[in-house]
Amino acid sequence: MQVMKSDGDHIKIILKEISVKDAESFYRLYHGDEPNIQAQTTGKEQMNPIQFTEHILSLCEELYGIRTVENEHTVIGDCALHHWNQEEKKIDIGGSLLPEYWGKGIMSAAFKLLIAVAKEKYQANVLVAKTEITNLKALKFAKKLGFQEISNEGDIIILEKRVLDREAFPGIY
């Protein structure tokens with residue numbers, strides 16, 4: 001079980017790999033306290049917290065729960081790497097955070113840790129972020145992190161960020 005801690009941020013966070021043991025709190029991130037609702041990710045079938053967690057885990061290369069150092073037992077968000085394209089050295093990055101934690105630097109800290117994983121473990125050169133056109137907060141956040149709009153797929157904006165190692169490739173930046 002990989003655990004990473006941020007340093008130097010306003011709120012120190014812990015990223016801990018999500019497992020089925022986290023199913024209840026992970027499920028609540030997306031569905032609140034509803035006991036069993038129709039999952040958007042599967043179309044028609046209803047999933048309980050364990051089934052939902054197993055499904056999301058199956059879609060991700062890396063999936064971490066975000067927790068604060070002060071309360072490391074409560075999942076307040078998640079971040080993930082998924083859709084790894086080894087040939088193009090591209091990987092998608094995404095995450096969510098409970099609204100009461102927005103604007104505190106938590107997701108920035110989480111993404112910094114996750115970007116390091118993408119570079120070190122996958123040797124990714126490009127990160128891909130996708131969000132709905134109407135999600136202005138996510139667009140602003142992605143642009144603040146250096147992502148640039150590449151294209152649209154219907155109501156989804158696709159953004160990319162190059163993450164080559166500056167020391168290995170001097171003069172490119």
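This is a predicted model: local features need pLDDT of at least 70, side-chain atom pairs count only at pLDDT 80 or more; totals for chains, interfaces and linings use all residues.
Reader: What makes the link between the side chains of S96 and D78 a polar contact?

Author: Residues are numbered from 1 along each chain as its sequence is written, and side-chain values use heavy atoms, leaving out hydrogens and water. A polar contact is a pair of N or O atoms within 3.5 Å; within protein, one must be able to donate a hydrogen and the other to accept it, and residues adjacent in sequence count only if both atoms are side-chain atoms. The side chains of S96 and D78 lie 2.6 Å apart, so the pair meets the 3.5 Å limit. The side chains of S96 and Y30 also make a polar contact, at 3.1 Å.

Reader: Why is S96 called buried?

Author: Buried means under 20% relative accessible area, exposed over 50%, and partly exposed in between (1.4 Å probe, protein chains only). S96 has 18%, so S96 counts as buried.

Reader: Which residues does S96 touch, not counting residues up to four places away in sequence?

Author: With contact meaning heavy atoms within 4.5 Å, S96 touches Y30, I66, G77, D78 and M107.

Reader: What makes I66 and I93 stand out in the largest nonpolar core?

Author: A nonpolar core is a set of buried Ala, Val, Leu, Ile, Met, Phe, Trp, Tyr and Cys residues joined through side-chain atoms within 4.5 Å. Of the 31 residues in this one, I66 and I93 touch the most other members.
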